[in-house]
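Colleague: I would like a close look at the aromatic rings in this model, taken slowly and with the criteria spelled out.

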Amino acid sequence: MSKKVVVGMSGGVDSSVAALLLKEQGYEVIGVTMQIWQDEAEEIKEENGGCCGLSAVDDARRVAEKLDIPYYVMNFKKEFRQYVMDYFTAEYLKGRTPNPCIACNRYVKWESLLTKSLGLGADYIATGHYARIEQLPNKRYAIRNSVTAAKDQTYALYNLTQKQLAHTLMPVGAYPKDEIRRMAQEAGLPVAHKKDSQEICFIPDHDYAAFIERECSDAVPGPGNFVSVTGEILGKHKGITHYTVGQRKGLNLSMGHPVFVTRINPETNEVVIGENEDVFSSTLTCTGLNFMSIPDLEQPMRVKAKIRYGHSGTPCLIEKTGEDRIKCTFEEPVRAVTPGQAVVFYDGEYVLGGGTIE
């Protein structure tokens with residue numbers, strides 16, 4: 001009997017080809033789009049293309065018809081609000097820079113969708129992520145870099161658990177993007193040339209501060225002081241939710257040369273400004289650890305660390321300094337270590353684990 005797989009279909013070309021590949025491999029494929037957008041006016045929903053807006057449902061349904069697979073829309077609004085949107089605003093109010101896609105992957109796309117899918121009798125869920133899942137000789141499941149570095153999405157998946165990985169398929173990670181588009185075109189899929197979604201799906205206009213203002217107006221701290229690393233007042237800022245570590249543009253400070261945000265202090269409502277060299281760090285600490293290719297870190301280890309999605313990675317030494325705490329010492333200083341972002345550790349091509357930067 002063929003294995004049953006629920007494919008999370010975002011209406012984009014990658015998840016559509018994931019469904020196509022799995023059907024060709026003999027799986028019984030069911031397409032599902034996760035309804036995560038909140039109750040909005042119709043015209044806003046139409047604009048909210050993102051990865052799960054209304055246009056996503058139309059596109060995914062057309063692909064499912066073309067592939068002749070059953071298709072459903074599942075409601076995950078409550079989970080998305082709790083684990084992604086509320087987390088996003090809470091982190092910014094603490095002066096941190098969150099990563100909503102990592103939270104969505106761990107708690108909505110996997111935790112919620114996988115639980116529901118297994119309950120419906122599925123063996124696996126599948127996504128269109130550019131990553132590969134392999135079971136290692138030590139019997140643990142780990143995510144391996146996709147064959148195409150340009151599209152690699154392993155960074156955003158470091159937080160998945162062993163159970164989640166054991167029940168997940170990622171067929172797209174074995175191909176470069178142009179090959180995926182070619183397959184979609186040859187199969188006559190209506191999304192073969194649809195452009196990739198880049199923005200955070202619930203903030204299509206990129207205005208994070210305005211979103212936070214709307215979501216929690218009573219809690220948003222107002223303007224405060226820009227201060228130097230020595231504490232000297234340099235000017236007024238618009239509110240800490242407008243800034244992130246490493247930022248240079250939009251500061252409106254006439255210092256005569258480029259300056260950068262080096263730290264955000266929510267307790268004093270201050271944004272600390274420094275020179276370019278002040279933005280570089282040789283160490284970081286992370287907590288909220290998740291290990292993937294190993295059960296735990298028992299002794300110091302040399303790995304490569306990525307401190308943000310677009311970072312190519314820097315060699316470093318990692319060592320545990322507490323039950324849920326790792327100190328990471330870089331061979332060369334890295335730019336803009338940002339509290340709230342993930343640091344992901346790689347052992348060769350495999351994700352060793354990661355955590356949240358403190």
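Are Phe 202 and Phe 211 buried or exposed?

Modeller: Both Phe 202 and Phe 211 are buried, where buried means under 20% relative accessible area, exposed means over 50%, and partly exposed covers what lies in between, computed with a 1.4 Å probe on protein chains only. Please keep in mind that this is a predicted model, in which local features need pLDDT of at least 70 and side-chain atom pairs count only at pLDDT 80 or more, while totals for chains, interfaces and linings use all residues. Residues are numbered from 1 along each chain as its sequence is written, and side-chain values use heavy atoms, with hydrogens and water left out.

A pair of aromatic rings is described by the distance of the centres and the angle of the planes. Rings of Phe, Tyr and Trp (its six-membered ring) pair if their centres lie within 6.5 Å, and planes under 30 degrees apart count as stacked, over 60 as edge-to-face and the rest as tilted. By this rule there are 11 aromatic pairs. One of them joins Tyr 27 and Tyr 124, whose ring centres are 6.2 Å apart with planes at 85 degrees, so this pair is edge-to-face. Tyr 27 counts as partly exposed, at 23% relative accessibility. For Phe 202 and Phe 211 the centres are 5.2 Å apart and the planes stand at 55 degrees, so that pair is tilted. These two phenylalanines also belong to a cluster in which ring pairs link Phe 80, Phe 88, Tyr 92, Phe 202, Tyr 208 and Phe 211.

A charge is involved elsewhere: the charged end of Lys 116 sits over the ring of Phe 76, 4.8 Å from its centre, the criterion being NZ of Lys or CZ of Arg within 6 Å of the ring centre and within 35 degrees of the ring normal.
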